[in-house]
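Keep the 3D view open as you read.

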Amino acid sequence: MSDDTIFGKIIRGEVPCDKVYEDEDYLAFKDINPAAPVHILIIPKKPIPMLTDATAEDTALLGGLLLTANRIAAKLGIAENGFRCVVNCGPGGGQLVYHLHMHLLGGRDLSWPPG
Ligand code: 5GP
């Protein structure tokens, strides 16, 4: 499946990123427009456009996404104070890039509800 999103280009190395973590299934890098002192995007390399496109076949991949957030939060020193994981889904959810990704936000106390 072709992935012409900006994240597909980043995965293929066609567009640079400030990488913080990579393994066989995931790539994580700093958001270009950070909303918190720590704002990381964690993306499965599999090109699932949005959360509602995921299927039961993706169960392990989605679980691994959260565990990868744990790992990166610990690595970046925000695990102890706490952090937030966000998946925007569709236009009403504020999704701009249609390659599934999770925002990892931390480094300050985050308010609730989000805007
Ligand atoms: P969404 O609204 O789709 O959940 O979030 C997309 C995120 O991708 C936004 O926070 C935006 O700042 C980030 N972003 C968009 N283009 C780029 C890029 O080229 N590089 C990086 N590092 N982040 C990007």
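## The shell around the ligand

Helix H1 (6-11) is the top contributor to the shell around the ligand, giving 3 residues. Along with H1, strand E2 (26-30) supplies at least two shell residues. Helices here are DSSP runs of H or I with at least four residues, strands are E runs of at least two, and both are numbered from the N terminus.

This is a predicted model: local features need pLDDT of at least 70, side-chain atom pairs count only at pLDDT 80 or more, and totals for chains, interfaces and linings use all residues. Residue numbers start from 1 along each chain as its sequence is written, and side-chain values use heavy atoms, with hydrogens and water left out.

Which residues come nearest to the ligand? Of the 16 around it, they are Asp31, Gly94, Leu96, His101 and His103; a residue belongs here if one of its heavy atoms lies within 4 Å of the ligand. By class, the shell holds 8 nonpolar, 6 polar and 2 charged residues. In this scheme Ala, Val, Leu, Ile, Met, Phe, Trp, Tyr, Cys and Pro are nonpolar, Asp, Glu, Lys and Arg are charged, and the others, Gly among them, are polar.

## Polar contacts and burial

A backbone N or O atom of Leu96 is 2.7 Å from a ligand oxygen, and a polar backbone atom of Gly94 lies 2.8 Å from an oxygen of the ligand. From the side chain of Asn88, an N or O atom sits 2.9 Å from a ligand oxygen.

The ligand alone exposes 520 Å², of which the protein buries 83% (Shrake-Rupley areas, 1.4 Å probe).

## The largest pocket

The ligand takes up the space of the largest pocket; to sit there, more than half of a molecule's atoms must lie within 2 Å of the pocket's grid points. A pocket is an open set of points on a 1 Å grid over the protein atoms alone, where a 1.4 Å probe fits, with protein on both sides within 12 Å along at least five of seven lines; lining residues have an atom within 4 Å of a point.

This pocket has about 760 Å³ of space, the volume filled by probe spheres set on its points. Of its 32 lining residues, Asp31, Asn33, His39, Leu41 and His103 are closest to the centre. The lining comprises 17 nonpolar, 10 polar and 5 charged residues.

## A cis peptide bond

Trp112 and Pro113 are joined by a cis peptide bond, with omega about 5°. Pro113 lies in the segment after E5.

Methods: A polar contact is a pair of N or O atoms within 3.5 Å; within protein, one must be able to donate a hydrogen and the other to accept it, and residues adjacent in sequence count only if both atoms are side-chain atoms.
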